[in-house]
Amino acid sequence: MKSPLAPFLLAALALLIPSQVFAELQAGATIVDVTPTKFPVLVNGSMTSRSVSTVKTKVNARAIVVADGEERLAIVVVDSCMLPRPLLDEVKKLAAQRTKIPADHILISATHAHSAPSSLACLGTDADPEYVPFLRGKLVDAIAAAEANLEPAQVGWGSENAADYTALRRWILRSDRLRNDPFGNPTVRATMHAGTNWDNAVGESGPEDPELSLISFRAKNGRPIALLANFSMHYFGDGALSADYFGLYCNGLQEKLGKKDVKDAPAFVAIMSHGCSGDIYRRDYTKPKDQWAITDDINEYANGLIKITLQAYQNIKYLEDADIEMAENRLQMNYRVPNKQLLEWSQRIVKELGDRLPKTQEEIYAREQVILHERQSTEIVTQALRIGDIAITTTPNETYALTGLKLKRQSPLKQTMVIELANGGDGYIPPPEQHLLGGYNTWAARSAGLEVLAEPRIVESDLELLEKVTNQRRKFYQQSRGPATEAILSLKPAAYWRLDEFNGPRARDLSGHQRDAFYEPAIAYFLEGPASTSFCKDGETNRAVHFAGDRLQARINDLSDQFTISLWLWNGMPLDAREISGWMFSQGPDHGLAAYGDHLGVGGTEFPGKLIFMNGADRKLHSGKTAIERWTWNHVALVRDGKSLKVYLNGKLEIDLQTTSAKAGPMLDQIFFGGRTDNQSNWEGRLDEIAVFNRVLTDAEVQKLAK
């Protein structure tokens, strides 16, 4: 018999058990014209100061405000080269007073147009004194207007590969062709656009990020409200005031997607935010000039990105029950200030300048040293936000594509966008190892002045924030295991290093024997590995490291004189650059050349492009038969069976000889990849998928590894 108290008990129980309630998502957007009204106006982005008096395209601030009933946040993207944190802090404070959006829930970033008014003093250009207060008011207006347009909305994510529209501009120079920095020192090992001259360069200094990602907001009836895009490509530049390709892209999308027959509804707003692009440009220097996909036609470039965007847009799936969360960190960062000698040199030059602006590179960087010395440190802002199952995180200025990939691959949410040039402008922020390679991106100045460890600190701050707003742990990144990876593991290696790390010093051993190897400092990470093999699943890019004069060290204590070394190589050095293009494997004590060590490399002027082998006992060079083409991936295996030694190239026998047995001496267990034990003619190029076997592999097993 049913109790008459049952309905009351159920009602009471319902009050005790909270149900999950999704707040209604709202979104509003607007565009505010921030084109200056007074000319000429200073324009940022050049070494020396310049001003313009003509307008090619208007510059705008484009804003989106998102709400869920409890929280509100704003995202603003401004056609500007860089925006200073103090100015943006003022804007956020004023906007918080005028709206219901807390100051720490406002994200403001720059597009990095090098043809926009200057609001941040950097290198030879000062901030325009009349434009800065004008811009401040306009940004507050944009946030307030976007909030006023809030309406019930849905949100969705889209993504497409736009690899033809982005490429590495920072390339590593040959070790014998270093260039001088502004202080007269030969420190430049990597620099922008060095890939235009293939004879000077040995390869790219990092990966690219070809993802064009989209966050779309639409009304519940399907009318587009706003689209926030994100892509990693630097800029085109213009002689007149211009919003660059960012503006053309946004205007073109608005023409394609805007609903012109809807009365009394806010206009659709398209926004292009800047992805991590500090080392990125549009020209693919891996190809000859006549094969560059997109070069100098800015309209063609913008239209191409619009076409890719529309493809992704058609496949977006929307959610209307999406809550939001946002958090930020403020970090104190030191500047890399000059030592006493450099400071005195700089002060003398600045004194001679007097009141005039610097005109030469020497004068510019001398003034920058004095400014950094006076400032010593600064504050930077990092942020993360979540809209349903979509995340956004930020970096405070020009980070490398690798930094964006670190954040995307480790984010708790697969759908993650990284916006750079956000909430301030503290210049280039290279990963620590890139400082060793030098170049413009690393020269201490307001354009690249933060401490060497700024990049990992920023990445860690962003990951902590992503964990906070998602209430999930970050992902542990490791490449997927394709058939080629499983083939290596099936042969039971003593150690197996995939070299898929974001950074050093540790290279993880995948064999299960815990024989991690250790990178020496001058290494570039996360480059594209051998593409002709199936080391990964589902189209994932296989990753490798680029050796720029340093090595990978390892120890395998039970290695006898019966062993096999298997690896993939990519030689970056021109064959006429030196006698030996580079040594990729070496065995013996560090800094020496022991009598028992085996050494494997590629010939240069001697045995051009062919595999070469040398044993420390007689130090005689033995060469293979086939020349290896520069900048191509090839599989190499060295098989030692006592005094018998064989070297294979892509599964085919190249060297077959009798040598002194490697079983001698106390340091047999110490091995190096990417250089010789005595650091003579170290490897200049990439290595990948290195496996060591403490047995002799058969011809069939070697051929299996070469597939």
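Visitor: Does R676 count as buried or exposed?

Guide: This is a predicted model, and what follows is computed from it. R676 counts as buried, because its relative accessibility is 7% and the limit for that word is under 20%. R676 has a charged partner: it forms a salt bridge with D678, and the closest N and O atoms are 2.9 Å apart. D678 is partly exposed, since its relative accessible area is 26%. Elsewhere, salt bridges with shared partners link R85, D89, E328, R330 and E379 into one network.

In general, side chains of opposite charge can pair when their charged atoms come close.

One is between D199 and R174, with the closest N and O atoms 3.4 Å apart. D199 sits in the loop between strand 10 (190-192) and strand 11 (201-204), and R174 in the loop between strand 9 (170-173) and strand 10, so this bridge ties together parts 25 residues apart in sequence. R174 is buried, its relative accessible area being 4%. D199, at 30% relative accessibility, is classed as partly exposed.

The other is between D558 and R515, where the closest N and O atoms are 2.9 Å apart. Here distant parts of the chain are linked: D558 belongs to the loop between strand 26 (552-555) and strand 27 (562-571), R515 to the loop between strand 22 (506-507) and strand 23 (517-519), and the two are 43 residues apart. D558 is partly exposed, at a relative accessible area of 41%.

Strand 9 and strand 11 run antiparallel and are joined by three bridges; in strand 11, G203 is the bridge partner of I172.

Another open sheet has four strands in the order 17-18-19-20, with mixed pairing. Its edge strands are strand 17 (324-334) and strand 20 (416-419), each of which pairs on one side only. From one strand to the next the twist averages 15 degrees. Strand 19 (residues 390-394) and strand 20 run parallel, with four bridges between them. In strand 20, T416 is the bridge partner of A391. Helix 2 (residues 85-98) packs on this sheet and touches strand 17 and strand 18 (377-387), its direction making about 50 degrees with that of strand 18.

Helix 2 also meets helix 3 (residues 131-148): their axes come within 9 Å and cross at roughly 40 degrees. That angle makes helix 2 oblique to helix 3. Their crossing is right-handed. On the side of helix 2, the residues in contact include L87, L88, V91 and L94; on the side of helix 3, they include L135, L139, V140 and I143.

Terms used: Residues are numbered from 1 along each chain as its sequence is written. This is a predicted model: local features need pLDDT of at least 70, side-chain atom pairs count only at pLDDT 80 or more; totals for chains, interfaces and linings use all residues. Side-chain values use heavy atoms; hydrogens and water are left out. Two strands pair if DSSP finds at least two bridges between them. Axes are lines fitted to C-alpha atoms, for helices over the stretch in contact, and angles run from 0 to 180 degrees between N-to-C directions. Contact means heavy atoms within 4.5 Å. A salt bridge is a side-chain nitrogen of Lys or Arg within 4 Å of a carboxyl oxygen of Asp or Glu. Buried means under 20% relative accessible area, exposed over 50%, partly exposed in between (1.4 Å probe, protein chains only). Angles under 35 degrees count as roughly parallel, over 145 as roughly antiparallel, 65 to 115 as roughly perpendicular and the rest as oblique. A crossing is left-handed if the near helix is turned anticlockwise from the far one by less than a right angle, and right-handed if clockwise.
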